[in-house]
Amino acid sequence: MKSYNKLLAAGAMSVLSMSAFAGSETPEGKVQATYPPISSDAYEKFGGEYGVARWTEALFKYIMADNRINHIFAAHGKIDRQIALNKQLVSVMLGAPGVEYQGASMSAAHEEMKITLTQFNAVVEDAYLACEDVRTPYHTCNQLIAALAPFKRSIVTR
Amino acid sequence: MNGNIRGFGCKAATVLAFGASIAAVSSPAQAGIYDAGKVLATSGVNIIDGAAGGGITPWAVIAGYETNQGINGSIHYTYANLPNYSLNSLGAAIGFYDRLELSYAYDLLPTGSTFNTVGLLTNTLAGVVVQDSGIDPFNTAIRMDIFGAKLRVIGESIYDSDSLMPQVALGGFYKINHNQELMKTLLANKTKDFEAYVAITKIFFPLDLLVNVTVRYTAANQTGLTGFGGPNKNKREFRPEVSFAYLLAKNIAIGAEYAAHGKNTDGRGVAVGGNVDTSVLGSITGALNNIGIGGPVGNLANNLNDTLTQRESDWFDVFFAYFPSKNLSFVAAYANLGNITLTPKQTGAYFSVQASF
Ligand code: HEM
């Protein structure tokens, strides 16, 4: 019964934390708090600065080849800026020391594009392909997916 | 009873026709409501009851690869090879906007050696067949239609990794068991009934783990394959089910499932040659033993009694699921279904193949 109460309390807390996030900004500036937390050596396992750079380039290779979404990126024509900013963001999210994200918030960057969940999921599938490209193991890749996942609430507006 | 088998072919045609109609929606020309935007493997697979889930447990995920942008669906065929039975399940599920799921499954369970024995026995015991036992020795198959609906009510199993809030769905099945005489023989109270369930699903990406907990409100015996309710227990009750899926790769999951089953007919006999519950036979032979009539005659009676006592166990399986693409997935599992009516130790291999559109 006691543990049941605990479970209930945890459930209630998570509902509260959800509503606290709803509509508000997800934290681009610091490591994402996930349940459970992502592994503390995720950045290192991802290959550090060099690894994150190669992964981000691979990601955009797959995005620009992906007919489901490439037209959206092409229309904005800021791929180089996006690659640079995504390197920063991914590093911060994986817990890289001393890296700062200098771009716009996720909702500001994506809001007026009215991105669908189908388009968001396409980027997620390309993210897994990029991990395979740079030989980042699935488990390590999932640390990044866990860290970026809550941005879905800011990015998907349709 | 050849009709059973023919029936299966007819259902197969219906399910395939259903598949073809989804396929028609999926033609690019009609790229309006068709959507296949879920991430690979996140739609689960179709369970033997037809809903999206693991193998035996419905999950909070909605069938098909659609997101909130459209409609998608899948068809499945599952075969479980058990020592005394084989279970075939053929079905289709359609997901609307990742919100509502409608499903249908046709389960066919040829009963094999156990019921052959019971059938021969009851026919012999009854002499003149007073009541049709519903068992045609060497040719009995249990047939069940399962209609399902599921509504995703709250939560997001995949992307809310910063909260413990799971995805929650409410669902129900209406099951029609077509073997009325046999269900009487097995002392089931009903042949048609509904089940309701609440399922909660959460993916923990840092652990590569999917966890599902379902509570089913049901009176089913062996998922309804041997009817609903028993001689004394007819009420529906809450039964827990738990699934774990460990994601080995983006297209491979291994896991385990557990589903609690009821005891409606557990410890009961079967009704032979009219309305004799064979567990009554047990008391008689017990009494005979007590007053010293043992020996070969007593043993024979006892063995007969054991053989004719129904048992039900919780179900358990370990599975391996492979998703080579969004259009095709396979499950191989080892299922331990324990005692099924008169036969103990029903463990065996389970294979399932599923196509999505
Ligand atoms: C977790 C997923 C995503 C992350 C982490 C992400 C990250 C970013 C970042 C860091 C920027 C740069 C912001 C700036 O310029 O200051 C950006 C811009 C952009 N993103 Fe995303 N994004 C994600 C999903 C998506 C999706 C699903 C799409 C479309 C299918 C998309 C399309 C774009 C476009 C077109 C821009 C350029 C906007 C502009 O410069 O006007 N993003 N994104």
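**Close-up views of the predicted model**

**View 1. The crossing of H3(A) and H5(A) is right-handed.** The model is predicted. Helix H3 of chain A covers residues 48–65, and helix H5 of chain A covers residues 79–93. Their axes lie 9 Å apart and meet at an angle of about 135°. H3(A) and H5(A) are therefore oblique to each other.

**View 2. Residues in the contact of H3(A) with H5(A).** H3(A) contributes A:Val52, A:Ala53, A:Trp55, A:Thr56, A:Glu57, A:Phe60 and A:Met64. H5(A) contributes A:Ile79, A:Gln82, A:Ile83, A:Asn86, A:Lys87, A:Val90 and A:Ser91. By class, eight residues of this contact are nonpolar, four are polar and two are charged.

**View 3. The iron atom of the ligand and A:His110.** A:His110 is the single protein donor to the iron. A:His110 belongs to helix H6 of chain A, residues 106–110.

**View 4. Confidence along chain B.** The mean pLDDT of chain B is 82, and 74% of the residues score at least 70. Among the elements of this chain, strand S7 (residues 167–177) has the highest mean, 98. Helix H4 (residues 278–290) has the lowest, 47.

View 5. For the complex, the predictor gives an ipTM of 0.84 and a pTM of 0.85.

Note on methods: Residues numbered from 1 in each chain as written. Chains lettered and ligands numbered in written order. Predicted model: local features only at pLDDT ≥ 70, side-chain atom pairs only at ≥ 80, totals over all residues. Heavy atoms only, no water. Axes fitted to C-alpha atoms, helices over the stretch in contact; angles between N-to-C directions. Helix = DSSP H or I, 4+ residues; strand = E, 2+ residues; numbered from the N terminus. Parallel < 35°, antiparallel > 145°, perpendicular 65-115°, else oblique. Left-handed = near helix turned anticlockwise from the far one by under 90°. Contact = heavy atoms within 4.5 Å. Nonpolar A, V, L, I, M, F, W, Y, C, P; charged D, E, K, R; others polar. Donors = N, O, S within 2.8 Å, 3.2 Å for Na, K, Ca; no water. pLDDT = per-residue confidence, 0-100.
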